[in-house]
Amino acid sequence: MTFNPLQEKGLPLEKQLRNWHQIVGKPYKKQEVDCYTRTRQILMNGIEVEGWGFKHQFNRFMHDIDCEDKATISRLGRIENQQQMTCNWLCPADQSVLETTLGYEQVAVDLTAWLAQNEPDKYVKEVFDFGLLEDFDHLYRYAQFAYMTEGVEPNYIVHNQTDVIDGRPTQHHHNCNALRRRKHYDKTTASPQTKVNILTVLSGEQQTHNFYAEHGFMYGDHVLRETYAEIKDVEEEHVTMYESLIDPSETMFEKALLHEFTEVCNYYTCFEDEVDEEIKKIWEIFLDMEIGHLKLVADMFKKYEKRDPEEVIGSEIIIPCRFKSQKTYVQKILEKEADKRLAPDGEFYNSIDEIPDDWESYPVQERLAEISAPSENCIRLAGIYHDRDIVEASETLKNKQVTILEKGLQKKAVAHNTVMPDELQEMIDKHEEREEEKEKKI
Ligand SMILES: [Fe+2]
Ligand SMILES: [Fe+2]
Ligand SMILES: [Fe+2]
Ligand SMILES: [Fe+2]
């Protein structure tokens, strides 16, 4: 079914305030939840956080609009706040920070892979592919700790839908933040799909950053605390990268329209895809609420800008993400692009061999890892604890692991504690020997 949300009535704002029981519902059961119900819950929380924060920015920056319109924005902000609680409180208390973290990185991998394949703008698609391989590597790093500290195997969370193996090594994700900035789209020619795609992934990345900021210190293990710090810093780069794609000349009313439209499109997709009947009802109600929000900001857009909202968001719903396994696509990008880096021109990319010696990211990487790279220490620890790292992938992909690492590792600014390809091969061999010994004894 396709429909034009601007033609729908939606739930009127005065009917959107809910009581505490409605706001805080029953959490899902972590043992039973479908992994993509969890990713929808995580993503929608991020989208609500962005929707809430934007309304505060709107009212802080906008001075030349009617008081009553500012009041409407404040009322809408309250509703976004309540929706955020409902989404985030679906997460059960017994789901550990590391388990939730694996969920966050699964969101990043499978969402970004979907977006890359459904993005009409080739330049933006390339940015998605670039970010994809970094979050893919984060999933692998965190998976080590989930197993070492809590005995949680990655598939307990990702349900065999997402591979867990090294991507572009995390130590090489650190760049001069100025280089992270990309060329922005042109608001007059970019499609609504591109605009919604970017705002969706940006909201997800921003919330991932915030989650690590608020939870990364909650473990006693120092290497894990450092790993959260390291990956949180990469998420900061991802926020910088994705937000730079947005045309900065969009007006605040255009942005308001895009925010509500992004919420509408995402809840629409969640509602269509949801397998949990109780959670599906939440997506349905929230979709109705968001159509109500869209209607209100569309009226403001018409009033202040004297333009048709369809000029910005088009005339029909779009699909920002269908969560499903993206293993084949991710593997293709992994084999092709593990050695890709941000080019010094601030616009395109180079392979490792092409980057110049005075690349601005080298001093950043050298400074950050001058003692050691936490994301490499976690593989060393996994080697000590369990002979080798924790990997979940097809045999074909596992057989390419060392080659992919060779391709992804730089020659310059490599942390001294890096697990080099020959060392990784030794770990793998040692593990295989031990497994064979075990079988003989049995
Ligand atoms: Fe919302
Ligand atoms: Fe990540
Ligand atoms: Fe990320
Ligand atoms: Fe909204």
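Here are some notes on this predicted model, point by point.

1. Some housekeeping comes before the details. Residues are numbered from 1 along each chain as its sequence is written, and chains are lettered from A, with ligands numbered from 1, in the order in which they are written. Because this is a prediction, local features need pLDDT of at least 70 and side-chain atom pairs count only at pLDDT 80 or more, while totals for chains, interfaces and linings use all residues.

2. Let's start with helix H10, residues 252-273. (Helices are DSSP runs of H or I with at least four residues, strands are runs of E with at least two, and both are numbered from the N terminus.) Its 22 residues should span 32 Å at 1.5 Å a residue, and the end C-alpha atoms are 31 Å apart, so the two agree. The expected span is 1.5 Å times one less than the number of residues. H10 is also mostly covered, with 17 of its 22 residues buried. Buried means 20 or more other C-beta atoms within 10 Å of the residue's own, exposed means 12 or fewer, and partly exposed is in between, with C-beta atoms placed from the backbone.

3. What does H10 meet? In H8, Lys195, Val196, Leu199 and Thr200 meet a set of H10 residues that includes Leu258, Phe261 and Cys265. A contact here is two C-beta atoms, placed from the backbone, within 7 Å. By class, five nonpolar, four polar and one charged residues make up this contact. (Nonpolar covers Ala, Val, Leu, Ile, Met, Phe, Trp, Tyr, Cys and Pro; charged covers Asp, Glu, Lys and Arg; the others, Gly among them, are polar.)

4. Now for the angle. The axes of H8 (residues 192-215) and H10 come within 10 Å and cross at roughly 80 degrees. Axes are lines fitted to C-alpha atoms, for helices over the stretch in contact, and angles run from 0 to 180 degrees between N-to-C directions. H8 and H10 are therefore roughly perpendicular, the label for 65 to 115 degrees; under 35 is roughly parallel, over 145 roughly antiparallel and the rest oblique.

5. Which residues touch the most other members of the largest nonpolar core? They are Leu132, Leu257 and Val264, in a core of 99 residues. Helix H5 (residues 122-150) gives the largest share, 14 residues. Such a core is a set of buried Ala, Val, Leu, Ile, Met, Phe, Trp, Tyr and Cys residues joined through C-beta atoms within 7 Å. Leaving aside neighbours within four places in sequence, Leu132 is in contact with Val109, Thr112, Ala113, Ala116, Val330 and Ile333.

6. Tyr147 also sits in H5. It counts as partly exposed because it has 19 C-beta neighbours inside 10 Å. The C-alpha atoms of Tyr147 and His386 are 9.8 Å apart, although 239 residues separate them along the chain.

7. Tyr349 is in strand S2, residues 349-351. With 16 other C-beta atoms within 10 Å, Tyr349 is partly exposed. Beyond four places in sequence, its contacts include Phe130 and Lys340.

8. Lys306 is exposed because it has 7 C-beta neighbours inside 10 Å. His159 likewise has a positive phi of about 50 degrees without being a glycine.
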